[in-house]
Amino acid sequence: MIDLFSLIKDTGAYRTVKAEKESGRLSHAYLILTQDKENLTEYLKIFAELIACKDGNPCGECRTCRMIKDGVFADLFVYPKNGQAIISEEVNELIEQSYAKPIESDKKIFILSQAQNMNAQAQNKLLKTLEEPPESVCILIGATAEFSLLPTVKSRVKKLEIPAFSDQKIFDALVKDYPDEERLKEAISCGDGTVGQAVLNYQDQKLKEITALVSDLLLNMKSSSDILEYSNKITKSKCDFATFLSVLELKLRDKLVKMLENGSKGQTQTDQNGFTAGALVFALESINGAFERLKFNANATMLLEWTLFKILEGKYKWQKL
Ligand SMILES: [Zn+2]
């Protein structure tokens, strides 16, 4: 889990809500703006914890905090339930629910995430609740931009902004989950000051690296000593084994499709890397086998070497036919 709380707790937005809670003057609705589309809902949940936790920090450990994290807190409603935009039916549900008394705490909290995608009809429906909110209701609207929100909505909420974070702060928040430090620094430096973009960049670069490694391997792996060499390279790249297998599978499937499209019928015809159609099918079956074994916590290095060996074995076995 990325430590988003360590980032959010130092923002003005967080301090504002905390102070308002402590003085018993929480607004009935907030608009929280952040560029971080990927983590928007998670940020809003932290605010929900802050509002609902009896400890008030929030503690992150009490029953309330844990239930909010697990998505089972009876007084918290998170929209959209599916997809990227809140729909009118969900606003109807919100209106209905807002009249019922809270069960677990003294506040009923509604998270409206990705509000930048809400259409005017859904926003208009929300207006009355924003104008005359029932006593114990708190609505947290989150958006990456405010221009698509109706002025009538904006005028009835308290606007707070989560700013871009410094490279160092993002690094500290991510390094535990994304341990390749050099890559992480690069991912952050070409990001936009959000955790979400840094993670996307990190994964994208990783993927490019793995793809290059897989192409190299399919072209140049010829003997069992090569297997060890590539197994070391892959281990050193710190890539997740399942991701490696997926990239490998995609490449091989691609090769097979191309070969069949080109009308290869003979089992002796090979592609530019020396694979026959039979060898590719055999390799794909082996990868399936590796995925299966991975489910049972097989040793990743041994499984990696086994997979590479199988690919090589198939390559030569099917050439001799
Ligand atoms: Zn708590």
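A pocket is here an open set of grid points where a 1.4 Å probe fits, with protein on both sides within 12 Å along at least five of seven lines. In the predicted model, the largest pocket has a volume of about 330 Å³. Of its 13 lining residues, Met 1, Phe 5, Ile 46, Glu 49 and Lys 69 are the closest to the centre. Two or more lining residues are given by each of helix H1 (4-8) and H3, and the largest share, four residues, comes from H3. By class, seven residues of this lining are nonpolar, one is polar and five are charged.

The second largest pocket has a volume of about 280 Å³. It is lined by 13 residues, of which Asp 254, Lys 255, Lys 258, Asp 271 and Gln 272 are the closest to its centre. Helix H10 (195-220) and helix H12 (241-261) are the elements that give two or more residues to this lining, with the largest share, five residues, coming from H12. The lining divides into two nonpolar, six polar and five charged residues.

Beyond its neighbours within four places in sequence, Phe 47 is in contact with Ile 8, Ala 13, Tyr 14, Val 17, Ile 32, Leu 140 and Ile 162.

Definitions and conventions:
Residues are numbered from 1 along each chain as its sequence is written. This is a predicted model: local features need pLDDT of at least 70, side-chain atom pairs count only at pLDDT 80 or more; totals for chains, interfaces and linings use all residues. Side-chain values use heavy atoms; hydrogens and water are left out. Contact means heavy atoms within 4.5 Å. On a 1 Å grid over the protein atoms alone, a cavity is a set of points where a 1.4 Å probe fits but cannot get out, and a pocket is an open set with protein on both sides within 12 Å along at least five of seven lines; lining residues have an atom within 4 Å of a point. Grid points are joined across faces, edges and corners, and a volume is the space filled by probe spheres set on the points. Ala, Val, Leu, Ile, Met, Phe, Trp, Tyr, Cys and Pro count as nonpolar, Asp, Glu, Lys and Arg as charged, and the others, Gly among them, as polar.
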